Amino acid sequence: MSHPLPDRRSADRVPKLSIEQGASGSIAVMRGHWCAERLAYPGVYERLDRALQAGRENADLCWDLRGIERLDHTGAQIIWNTWGRAWPHQLQTLPGQRTLIERVARYCVPMPVEPRRSLGQRLLALGEVLMRLTDHLRDFTQMVGQLALDTLRLLRAPREGPWRDVSGNVFRIGTTALPVTALVGCIIGIVMTYLMAQQFRRFGADNLIVDVLGLAVIRELGPMLAAILVAGRSGSAITAQIGVMRVTDELDAMRVMGIAPVYRLVMPRAIAMAIVQPLITVWTIAAALLGGMLTADWLLDVTPYHVLSALPLAVKVSNLFLALGKSVVFGTLIALVGCHFGLRVQPDTESLGRGTTASVVASITAVLLADALFAVLFKGVGL
Amino acid sequence: MSALQTDNVVQIEGLWTVFRSAGREFLIHQDLNLGIPRGQLMSLVGASGSGKTTILRQILGLETPERGRVQVLGKPADKLGERGAASRVGMLFQHGALFSAFNVLDNIAFPLRELRAFPAALIHDVAMVKLQMVGLDASHAYKMPADLSGGMVKRVALARALVMDPPLLLLDEPTAGLDPDSADAFCALLRSLHTELGLTVVMVTHDLDTLFELSTHVAVLADKRVLTVGTPQEVMRDPHPFVQDFFLGERGRRAMALLRTDSAAV
């Protein structure tokens, strides 16, 4: 295609309004393309709106729309609104334009009032938040109770359990989490040792690094780091998986077939998490100790041999068991919270996003609270 | 042949489409040509897997063909996604594809609002007109998509597709998933909008009732190309076994009573 004077042509399309003096008074002559795309060009609507102001003020104006090359409903709406939503006394249009404006006129209704909440309703909404919280608690308790019943069922007939799902989840939650937990653990070990080394060197207490690093990493940091990483990684994934199943009616389909979602979806994930979480914790602890050991060798001249031989004396083995026990609880909590929020997702995109966010926040909070509880309960163990 | 005229709204020339999955290649279209003149309501029919929806997606520029040219309104299809695309092509997706986070009014107003040129009151007015043009009551404006019935979802989606008055409208299975009454009502709506707004419509459907009731023209896809194009009566005379099976089987005879009588006039 050739381009005959693109500037002139595009200038012709600009929607325009000019007031001209005719024999029987002022005539508003309209030209150009009065369609949404053209009207949306920068500045066009503002300029037109100012020109149309004259039309709003002068009721006796004669309107001539015949110069409009193209008119769509947006353009017609602008014109109709300019007329104050009533037909002007003098009007000249092409038949097609008239039907278009007639259609706009027919369907132009005052905006329905958006339902607004009164003060009383807002007060009630406050109560609703509380009710939702109890709702969550009830649902969660219900799910845990169902899980307990399902576990009994599993114990009675362990061969019929969903073991394939369990092993699949062990792989997805556990194996694929190994690189990231190792990396984070190692970096934390390096950073901690580096910072403590600055202090210990001043007091010449280089060897204390083994006690401090070992105790901190094995008793607290290892389980916590692993749990937070897994909550962010797999807790959100669990919520999203189950949530999408809700959105696509898969959960209902399972129920219709007589398959309990808690038995097939929640239990395998809870079991997999309970198995995997202590293993990831050990892995994270190992990575953190490795990072710390290498840094200690480099900064403090504490050899890896010394670290490895001093560690069993510095940190009692009960600390390790405490870490493993905590991890089982953390893992189960993350799985349960993830499943809980997944099962509550409503079939729309916003709810899915909200559920996933809430799941991660809630599971990390739950892990921290549980950890505090452990710290209080087991303050006499291993110290 | 009319398919080679250049003033067609949609012009497809020498189209090759290849699907690749698991290392294997499937040739879907081989040197396919199709032209859709202004004002027609063209139905694409063909067996499952004959690439009907793929052609719609290629017209929309959502997929790029292996070879060949797809021109829409005189422009290459892949240039379609630029600013103001909603004023050139409207698409009614099979399941509506309404934004579930927006209410009905905001869904319809969305393309217009994204231009960031008009005041909110005007955008609302335009959206409300469109809402009622598709036969919905103004009181539905603040409902969420999750609260709508299947027929209403399609109507809202149609209103959204038409909000900027595009000259070309694409429909993917417009009556799928609707009960017969809603399907009939929706067909009537599409038909009146087609004539009233002077739209060019490309439709993919498996439903013979819808096909006969709406189409002014039919293009049959078979053997990786467009087998035949014409009015439903013309197409049915084609001796190809697919055509015979598709139109003149049991279902076809039942649906033929609906045949659009004014189709020759368009």
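Predicted model: local features only at pLDDT ≥ 70, side-chain atom pairs only at ≥ 80, totals over all residues.
A:Asp249 sits in the loop that runs between α9 (208-247) and α10 (250-256) of chain A, and its phi is positive, at about 65°, although the residue is not a glycine. Most residues other than glycine have a negative phi. B:Asp31 is placed in strand β2 of chain B, residues 24-36, and, with a relative accessibility of 45%, it counts as partly exposed.

Let me turn to the place where the two chains meet. Chain B brings 28 residues to the contact and chain A brings 26, and between them the chains bury about 2400 Å², with 64% of that area on carbon and sulfur atoms. On the chain B side, the residues that lose the most area to chain A are B:Asp125, B:Val129 and B:Tyr142, which together make up 23% of what that side buries.

What links the two chains through charged side chains? Three salt bridges are found across the interface of chain B and chain A, and in one of these the side chains of A:Glu37 and B:Arg88 meet, at 3.4 Å from N to O. Counting polar contacts, with both residues at pLDDT 80 or more, gives seven residue pairs between chain B and chain A. As for the elements involved, α2 (104-113), α3 (120-133) and α5 (180-197) of chain B each supply at least two residues of the side that touches chain A, and α3(B) gives the most, with nine residues. Sorted by class, that side of chain B has 18 nonpolar, four polar and six charged residues.

Away from that topic, I would like to look at B:Pro174, which lies in the loop between β7 (168-172) and α5 of chain B and which counts as buried, its relative accessibility being 0%. Leaving out residues up to four places away in sequence, B:Pro174 touches several others, among them B:Leu92, B:Lys154, B:Phe186 and B:Met203. The C-alpha atoms of B:Pro174 and B:Met203 are 7.8 Å apart in space, while the two residues are 29 apart in sequence.

B:Thr210, in helix α6 of chain B, residues 208-214, is another residue that B:Pro174 touches. B:Thr210 is buried too, at 1% relative accessibility, and beyond its neighbours within four places in sequence its contacts include B:Thr175, B:Cys187, B:Met203 and B:Ser215.

Note on methods
Residues numbered from 1 in each chain as written. Chains lettered and ligands numbered in written order. Heavy atoms only, no water. Contact = heavy atoms within 4.5 Å. Buried area = accessible area lost by both parts, 1.4 Å probe. Salt bridge = Lys/Arg side-chain N within 4 Å of Asp/Glu carboxyl O. Polar contact = N/O pair within 3.5 Å; in protein donor to acceptor, adjacent residues only side chain to side chain. Helix = DSSP H or I, 4+ residues; strand = E, 2+ residues; numbered from the N terminus. Nonpolar A, V, L, I, M, F, W, Y, C, P; charged D, E, K, R; others polar. Buried < 20%, exposed > 50% of the residue type's maximum accessible area, 1.4 Å probe, protein only.
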